[in-house]
Amino acid sequence: MTGTEGLVHFWLHFEGQSPVMAHGCGERLDLAVEEPYPSYDMQEFGSTVVGPVQPSDLLGGVIGQRLINVGLIQGYCNPPDVGAVVLRFDQSDLVIASLWDEWFLTQGPIPDKLQQYLSFKGWLGTINTTAESQRGRSQGPTEDAHSHGLFTD
């Protein structure tokens, strides 16, 4: 499988920073500073290919945009974990969630069909506790995710 359907891990690369690997585990999203690993063969189970995103892929739509804020989204499991994030770029928002051991990626706000599983908690650096605050592009400061400790070296 290719594209989002075949996604295992992905890395976000920011100018002047170490790569950040996204890893989904059940309903929890983990982010870690980690270099991409090489592609590998899994014999009869196929292979894992690591390579650059294609511009036509959903993740390819944010290439070259500046990350200006990160919104935390609580998952539905107990105890509640960060199940997703909203990455606010110059021109778009990208929701990245781990649900049922599967990736869910979409542009824009949390889709209505997932509202029962994902609860927007606010932008880093601000305290907004309503889902409505996630929908407004004017909400939240223009800040760098590194300055708030979400990604640590």
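Guide: A salt bridge here is a side-chain nitrogen of Lys or Arg within 4 Å of a carboxyl oxygen of Asp or Glu. The model is predicted, so local features need pLDDT of at least 70, side-chain atom pairs count only at pLDDT 80 or more, and totals for chains, interfaces and linings use all residues. Side-chain values use heavy atoms, without hydrogens and water, and residues are numbered from 1 along each chain as its sequence is written.

Visitor: How many salt bridges does this rule give?

Guide: Side chains of opposite charge can pair when their charged atoms come close. Under the rule, the count is three.

Visitor: What is the N to O distance between arginine 28 and aspartate 30?

Guide: Buried means under 20% relative accessible area, exposed over 50%, and partly exposed in between (1.4 Å probe, protein chains only). Arginine 28 is partly exposed at 32%, and aspartate 30 is partly exposed at 26%. Their side chains form a salt bridge with an N to O distance of 2.9 Å.

Visitor: Which residue forms a salt bridge with arginine 66?

Guide: The closest N and O atoms of this pair are 3.7 Å apart. The pair links distant parts of the chain, 24 residues apart, with arginine 66 in the loop between strands E5 (47–48) and E6 (67–74) and its partner in the loop between strands E7 (82–89) and E8 (93–99). Strands are DSSP runs of at least two residues, numbered from the N terminus. The partner, partly exposed at 37% relative accessibility, is aspartate 90.

Visitor: Are aspartate 93 and arginine 88 buried or exposed?

Guide: Aspartate 93 and arginine 88 form a salt bridge, with the closest N and O atoms 2.8 Å apart. Both residues are buried.

How values were computed:
Helix = DSSP H or I, 4+ residues; strand = E, 2+ residues; numbered from the N terminus.
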